[in-house]
Amino acid sequence: MLQIPTTPRHDWKVRAKEFGFGFHTIDDEPYWTEDRYYQFTLRQIEEHIEEPTEEIHQLSLQAVERVVSSDKLMAKFQIPETMWSLVRESWERQDPSLYSRLDFAYDGKNPAKLLEFNSDTPTSIYELGFFSWLWLEDKVDRGEVPRSADQFNLLQELLVNRFYELKPFLPFNTLHFACCKDTEEDRGTVEYMADCAKDAGIHTEFVYVEDIGLSECGKFTDNNSKIIDSIFKLYPWEFMFREEYAQHLATAGVNWFEPMWKCITSNKSILPLLWEMFPGHPNLLESYFADDPKAKRLTHYVIKPIFSREGSNISIHKNGKVIEKVGGPYGEEGYIVQQYSPLPKFGDNHVLIGSWLINDRPAGLSVREDVGQITKDTSLCVPHIILG
C-alpha cells in the first residue's frame, strides 16, 4: 500500500462539470483530490480486503438473525418496540438489499480491522463507481499511469446488474429516489443510483424526503400525488422510525431500498454483538456496549454513539484522557466502546479504506483521508490503482 504523488489532470474540473460531479469542492474546501493516489497489489485487494469483506458480511447476517429473534436485543439496538414486527417481517421475507460499505483500518500489511458498517445510507458511491474510474481511464490514456494498472471497482457494473435483479420486486417497474433538500452530495448520489437503475430498464422518479405526502388511503405519495410503491431513500431508518409518519409504515405497502432489516446492520450495536459471537476474529475489534463492565478492560479505545454518522460525537480515549473528539447531535441513544485501531498515516493525513458490497458481493474500494483520526464528511476522497 503506497501513496504515489501525481499531477492532477489539467481538465479534471471540466470533466467533473461535464459529468455532473458538482460536489468535488464543499464549502470552498476540496473533497476530491487527485494530486496523489494509492497503489495496492492484487494480493492485498483479494486477500486483505475482498475476502474479509465477504466473510464479515456473512457474519453480520448471522447477527441480524440473532437480533430479530430477541426482544432484548431489539431493545438494545434502540429499535422502537412499535417497529419490531415490521423489522422482523422484513427479515423473514428476505427483503432484497442493494448495497453496503464496510470501513476498515488497513495498512497494507496487517489484517484489516472493521471500524463500522455503513449499510443503510452509504455515500461516496458516485465518486468511486464513476469518477474514479474515469480518472484511471484518463491517466492511462495520457500515459501518466501504467497501462497495466487496474482498479478494484466493479461498482457500476454490479449495481446495474443488481437493479436488473430487483425489477421483479417493482410492481409497475417504477422506482422513486429520495434524499433531503440542501444536500448536494446526497442529491448527486441518488441521481447516480437512478442513472444505474435506468440502465437496467427501470423507470425512475425523484422526490425530496420533505415532499413525501400521504394519500387518503394511507399510501405515501410524491409531490405530483403519485403513489410511491418502491423507493430508494437516502434517509436513515432510525430517523424514519421516530417521525410522525412512522405510524403508516405498516400499511403503506412500500418496497424499501434499503430494506427495513438494514436498521440492524447499520447500527453500531452490531459491533459488540459480532465480538460476542465471534471473539478473537482477526478482522474484528474488541467491542462492548458502554454499560458492559468488560468495556473497562480497554485502555485505548473509541466511544461511538449507536446511531452516529460521518464521525459525529465520536471520541478517542487513552489511559483516561480524551485524545480526539468530534461534536454532533447523537448520543442520547447510547454508546458502544471499541478497541482503538490506528489508521495508517501518509504525510499529515490518516487513511480509511471503504470496502463496498453490491448485495452480497465485494464490489470496490474507496480511500478517504482526514487530518484527524476520526473520518468525517469533510474528509478527502482519493483515487487508487492495483499494480502488481
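Predicted model: local features only at pLDDT ≥ 70, side-chain atom pairs only at ≥ 80, totals over all residues.
Colleague: Let's start with the helices: how are H5 and H6 oriented to each other, roughly parallel or roughly perpendicular?

Modeller: Happy to. Helix H5 covers residues 125-141 and helix H6 covers residues 155-166, and their axes come within 8 Å, crossing at roughly 110°. Angles of 65 to 115 degrees count as roughly perpendicular. The two helices, H5 and H6, are therefore roughly perpendicular.

Colleague: Which residues of H6 meet H5?

Modeller: By class, the contact of H5 with H6 has five nonpolar, two polar and no charged residues. From H5 come Ile125, Leu128, Gly129 and Phe130, and on the H6 side they meet Leu155, Gln156 and Leu159.

Colleague: And H2 with H10: how many charged residues does that contact have?

Modeller: Helix H2 (residues 42-68) packs against helix H10 (residues 270-277) at about 100°, with the axes 10 Å apart, and that makes H2 roughly perpendicular to H10. Leu59, Ser60, Gln62, Ala63, Arg66 and Val67 of H2 meet Ile270, Leu273, Leu274, Glu276 and Met277 of H10. Since Asp, Glu, Lys and Arg count as charged, Arg66 and Glu276 deserve a look in this contact. Alongside seven nonpolar and two polar residues, the number of charged residues is two.

Colleague: Now the rings: is the pair of tyrosine 38 and phenylalanine 346 stacked or edge-to-face?

Modeller: There are 23 aromatic pairs in the structure. In the pair of tyrosine 38 and phenylalanine 346, the centres are 5.2 Å apart and the planes make an angle of 85°. Planes over 60 degrees apart count as edge-to-face. The pair is thus edge-to-face.

Colleague: How many residues apart in sequence are the parts that this pair ties together?

Modeller: Tyrosine 38 sits in strand S4 (residues 36-40), while phenylalanine 346 belongs to strand S18 (residues 345-346), so the separation in sequence between the parts tied together is 308 residues.

Colleague: Which residues does phenylalanine 346 touch, leaving aside those up to four places away in sequence?

Modeller: Phenylalanine 346 lies in strand S18. Its C-alpha is 38 Å from that of proline 259, a residue 87 places away in sequence. The residues that phenylalanine 346 touches are Met1, Leu2, Gln3, Tyr38 and Val351.

Colleague: Last, the backbone: where is glutamate 258, whose peptide bond from phenylalanine 257 is cis?

Modeller: Most peptide bonds are trans. The bond from phenylalanine 257 to glutamate 258 is cis, with omega near 10°. Glutamate 258 is in the loop between strand S12 (255-257) and helix H9 (262-265).

Colleague: And what is the phi of aspartate 28?

Modeller: Most residues other than glycine have a negative phi. Aspartate 28 is in the loop between strand S2 (25-26) and strand S3 (29-30). Although aspartate 28 is not a glycine, its phi is positive, at about 65°.

Conventions
Residues numbered from 1 in each chain as written. Heavy atoms only, no water. Axes fitted to C-alpha atoms, helices over the stretch in contact; angles between N-to-C directions. Helix = DSSP H or I, 4+ residues; strand = E, 2+ residues; numbered from the N terminus. Parallel < 35°, antiparallel > 145°, perpendicular 65-115°, else oblique. Contact = heavy atoms within 4.5 Å. Phe/Tyr/Trp six-rings, centres within 6.5 Å; stacked < 30°, edge-to-face > 60°.
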